[in-house]
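Visitor: Could you walk me through this model, starting with the packing and then moving on to the strands?

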Amino acid sequence: MNPLDAVPPVAPEREKLTKKAVTADHPTWCPACGDFAVLASFYKVLEKRQLPHENIVTLAGIGCSSRFPYFVNSHGAHFIHGRSVPLASAISLARPELHVFLFGGDGDGLSIGGNHLEHGARKNINLTYVIMDNFVYGLTKKQTSPTSPIGYKSKTDPTGAIDHPVNPIKKLIAAGATFVARTHAAQVNHMIQMIERAMDHDGFSVIECLSECIEFFPGAFDAGNPRKGGEFKVIEEKKWDDTPEDEARHDVTDEIAAYRLANVPFPGLFGVFYEIDRPTKNALEQKWVQSARAKLNHASDLEILQKTFDRMK
Amino acid sequence: VEWPYRGYYRTRKNLNGSSNGAVSDPTLLGAASEESATRQTAQIRRGDASFVRCIVGAPRFSPYLFAPFCGYSICALRVDNAPVLLLASLNTHTVSSSPVLPESATPTSAGRADLRPEHIRDAVIRLAGNSQDGIQTVGAFLARLAGRSAQEVMTYMTIPSTISGGPSIFQVRIGSGEVLSAGDEADFLVAFYQHSYDEHIYFLREGGVLLYDSDQFQPNLEDKRFVYVGVPITGLTVEALGGTAKDKGKNIFVLGLLASIFRLNPDKLKGLIRERFGGKDESVVNTAITAFQAGYAYPVGNVLTHLYEFEPSPRKSERAQVTMDGNQALAYGLIAAGVRYGAGYPITPWSSVMEILRSEFPKYGGLFVQAEDELASVSLALGFSYSGWLAVTGSAGPGISLKAEAIGWASMAEIPLIVINVQRGGPSTGLPTNVEQSDLHQAVFGGHGDSPRVVLAPATVEDCFYIAIEAARIARKYSTPVFILSDSSLATRIEAFDEPNLSEVMVDPKPDLSPRPPGVKPYPLEQITQHAPPGTRMLDGKYPVVTGLEHDEMGHPTASARLHSAMTAKRRKKYQQLGDELPVPPVHGAQEGETLLIGWGSTYGPISEAVNRAQERGERVGSLHLRHLHPLPTGLEAVFDRFKRIVVVEMNDQGLYGYGQLATLLRARFCNPKIESFTKTDGLTFRVREIVEGALK
């Protein structure tokens with residue numbers, strides 16, 4: 001039997017998905033944490049897109065931001081530290097009708113889970129991953145994170161961080177992610193736009209979202225926030241309108257150009273750095289399944305196994 | 001004669017039997033002068049080699065091959081712009097090293113012409129060579145043939161952990177009665193090299209037959225305990241197959257020899273050869289058949305006073321036998337159990353399970369993912385299970401350690417999962433290709449926090465199939481990780497067993513996506529958790545989050561002391577319920593008396609055979625084999641009470657306090673001072689004799 005056959009069709013009549021319907025527990029985050037804005041943006045996206053409620057899956061690893069699934073009323077799992085990408089990959093591969101959303105922080109995604117991020121990207125598994133990057137370990141109360149800037153004073157680097165920080169955008173492009181974007185928790189509209197584009201992308205789509213830790217790294221992202229005197233510099237994407245000004249705009253399929261934009265010093269640029277079409281593992285595996293099943297003339301499971309055993313007699 | 005081109009001498013390796021014989025060095029043979037070539041040829045001739053082939057070629061031409069003719073080969077090669085070279089190739093393979101049959105070991109002086117087969121019930125044949133010789137293939141052929149002839153069969157093999165090469169053995173025991181172990185000593189030893197002879201002659205019983213490659217070495221013929229049969233295996237194979245194959249194919253040649261010695265059905269074997277190599281180039285099949293024919297046609301009557309024939313098996317079963325190894329049985333058992341998804345990472349001896357599943361699952365609409373590491377593989381498997389498809393992951397001990405954290409999550413979040421551990425010698429990289437049962441405590445206790453899990457162990461290759469089905473049943477019913485502790489001896493040995501009745505045992509794997517009524521709790525305190533997979537409509541609009549944090553019945557995180565106690569008890573009670581559900585396994589042999597042997601896993605065969613031997617001597621000995629190791633079936637005390645001694649036999653260390661891992665568990669569980677421990681850690685399977693002498697003394 002094809003596993004897909006087991007999925008019942010979506011009932012035609014259903015209530016509108018309201019913000020109330022997708023809201024669960026009140027977040028346990030500190031007041032004024034940047035993550036509230038990410039959550040609010042996600043609610044907005046769900047409300048706007050009206051996905052079948054039962055097909056939304058919210059997943060996370062460990063960290064402040066990884067508490068996310070408890071605050072969203074949808075199917076969800078709160079997994080272990082750093083391994084949410086493989087968990088989410090399996091759900092996406094086995095159940096293509098589900099919308100797999102993954103939330104986590106910089107420690108979860110770029111440190112303990114760094115290897116899985118690379119391989120999820122390389123395999124191009126169809127899911128959307130929001131890395132809420134606050135440059136610090138917040139849940140464990142102020143240790144240096146993989147994105148902490150050099151000189152940042154934490155409990156593990158009392159004289160200032162000395163290790164070169166990870167550039168998540170460069171890491172993702174190099175690993176083969178097919179959608180790489182960056183946004184800021186203080187820019188709700190931009191955030192919504194990025195989440196929507198990421199979920200529409202067929203493949204491994206990742207958004208680095210600068211989300212301030214009000215407790216342990218206050219003001220970290222003021223430089224990217226116009227309300228705090230900073231500048232929110234958005235990447236202008238090519239419109240392919242043959243105008244002279246289009247020349248200067250960014251081609252999101254140009255890997256080298258994306259890499260160059262990712263090198264712009266902090267607070268850097270915001271928007272889509274890189275977006276290409278490459279077959280997903282979901283599609284490639286399905287192709288294999290289809291050809292294997294076609295070769296067997298769609299025989300029943302029992303017939304296939306019986307045939308195998310006949311060969312071992 | 002001029003010698004303008006570089007000469008190519010195709011000679012078999014180690015022509016003169018020495019391990020680094022100079023004559024096999026092509027650079028030396030390819031000497032650029034006729035003089036040196038002649039000298040080399042003469043050297044070859046002077047050696048004790050029985051067969052020489054020289055091929056001369058030019059760089060622009062492929063070597064010209066020729067067939068032996070009337071015992072002598074004439075090699076003619078025409079090279080453009082160069083003189084014609086003629087080389088005579090000596091072909092003196094007539095059995096110069098004629099067998100030496102010690103008088104004591106010559107039961108009959110029957111003439112060679114009228115050899116009468118001796119009927120035997122049971123034979124242990126050990127093939128010893130190097131891993132690249134393909135002796136496993138020969139063993140597998142013999143095993144499958146035995147299986148098809150309704151004979152009982154069991155094999156045993158060791159493979160070196162080196163990448164290529166190194167000594168390797170394959171042992172096959174074929175019997176007309178019940179075969180429980182691969183045998184304590186060999187009736188027949190096939191030695192390909194000096195080192196094979198040196199290492200394994202001890203294993204040959206007195207009066208046993210040593211079949212050896214007389215092109216490679218000479219055994220110590222002074223040792224009159226054995227029957228010596230020298231056959232120039234290498235030379236004859238090269239001769240039969242021609243130059244390019246070198247001595248590849250001598251395994252199939254030996255198969256032909258054995259088929260003639262044991263009067264096995266040559267047509268059936270040829271059929272197996274065609275099946276085995278069928279998918280490849282036709283020439284591969286033809287080469288193999290040619291090698292087989294050459295071996296089969298070899299006049300063994302000239303060198304052996306006995307032929308053997310297996311008595312027809314008395315076993316009458318309506319079902320045909322299937323022949324496979326333990327890893328195959330596990331893989332197909334999982335498929336029968338409705339498992340359709342999984343993930344893994346390569347490690348010996350687990351890898352072949354994932355290789356099979358990677359190819360097989362797509363046929364059933366599923367998927368097996370090779371992950372970037374062990375942590376990802378268990379996480380993927382949990383993702384599959386969470387999405388409604390009970391999934392499998394596996395490894396050997398070191399890899400299981402890496403999976404441990406995620407398995408703890410499965411305990412807490414109550415997600416079903418099958419974890420296969422094909423055990424090897426440990427700790428760390430340890431003995432990657434040897435057998436040990438030293439991961440029992442890792443499986444039972446290897447979690448953080450209070451995280452009980454189910455641990456099962458298959459007893460035989462056949463049981464690997466059924467234990468997979470049992471593991472899936474338990475995992476689904478109790479929403480729990482289930483370990484299957486196999487080991488490298490089960491993984492690599494081939495057994496024939498009754499074909500399972502698939503229409504009875506196969507399970508329909510559909511995830512339950514039916515809408516859930518209002519009020520459903522993901523973690524009810526009074527019931528066993530059964531999760532609603534994503535995609536399931538929750539009619540009260542409340543969607544569940546599965547979690548590794550301690551939680552209340554709705555899955556909300558909580559640090560409540562009362563709830564942590566209650567939830568820990570909830571997670572424990574389901575295993576106690578499972579223990580009550582499990583039947584007490586039957587006792588083999590005496591039902592009460594002197595000694596009860598207790599075993600688990602792959603030691604089933606030797607322990608049962610040890611009990612049989614003790615009973616033949618009139619001792620009141622029984623054995624109990626545990627398939628469910630954690631939780632233990634309720635009610636074992638009653639069995640223990642019927643025996644004076646209880647000895648737990650297992651392949652692990654006696655530990656700091658003098659007891660093996662299962663013995664420790666049983667003593668903790670039953671506080672029974674009668675429980676003793678008999679262990680060993682030599683990385684090899686138990687021999688029956690070791691158990692008789694060690695545990696039944």
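**Packing and strands**

Guide: Leaving aside neighbours within four places in sequence, B:Ile598 is in contact (heavy atoms within 4.5 Å) with B:Ile607, B:Leu624, B:Leu626, B:Phe640, B:Ile646, B:Val647, B:Val648, B:Val649, B:Leu662 and B:Leu666. This is a predicted model, in which local features need pLDDT of at least 70 and side-chain atom pairs count only at pLDDT 80 or more, while totals for chains, interfaces and linings use all residues. Residues are numbered from 1 along each chain as its sequence is written, chains are lettered from A and ligands numbered from 1 in the order in which they are written, and side-chain values use heavy atoms, with hydrogens and water left out.

Visitor: OK, and which residues have the most contacts inside the largest nonpolar core?

Guide: They are A:Leu59, B:Leu382, B:Phe384, B:Ile598, B:Phe640 and B:Leu662, in a core of 91 residues. A nonpolar core here is a set of buried Ala, Val, Leu, Ile, Met, Phe, Trp, Tyr and Cys residues joined through side-chain atoms within 4.5 Å, where buried means under 20% relative accessible area with a 1.4 Å probe, counting protein chains only. Apart from it lies another core, of 56 residues, among them B:Val138, B:Phe192, B:Val229 and B:Ile261.

Visitor: Switching to chain A, is strand S3 mostly covered or open?

Guide: Mostly covered, since six of the seven residues of S3(A), residues 99-105, are buried; strands are DSSP runs (E, at least two residues), numbered from the N terminus.

Visitor: What does S3(A) pair with over five bridges?

Guide: S3(A) pairs in the parallel sense with strand S4 of chain A, residues 127-133, and A:Leu102 has A:Tyr129 as its bridge partner there. Strand S1 of chain A, residues 56-60, also runs parallel to S3(A) and is joined to S3(A) by five bridges, with A:Ala60 partnered by A:Phe103. Two strands count as paired if DSSP finds at least two bridges between them.

Visitor: And the sheet in chain B, what order do its five strands take?

Guide: The order is S20-S22-S21-S24-S25, in an open sheet with mixed pairing. Strands S20 (587-589) and S25 (675-679) of chain B stand at the edges with a single partner strand each, so one side of each has no neighbour in the sheet. Strand S24 of chain B, residues 643-650, runs parallel to S25(B) with five bridges between them, and B:Glu650 stands opposite B:Thr679.

Visitor: Back to chain A, how much of it counts as buried?

Guide: Of its 313 residues, 57% count as buried.

Notes:
Buried means under 20% relative accessible area, exposed over 50%, partly exposed in between (1.4 Å probe, protein chains only). Helices (H or I, at least four residues) and strands (E, at least two) are DSSP runs, numbered from the N terminus.
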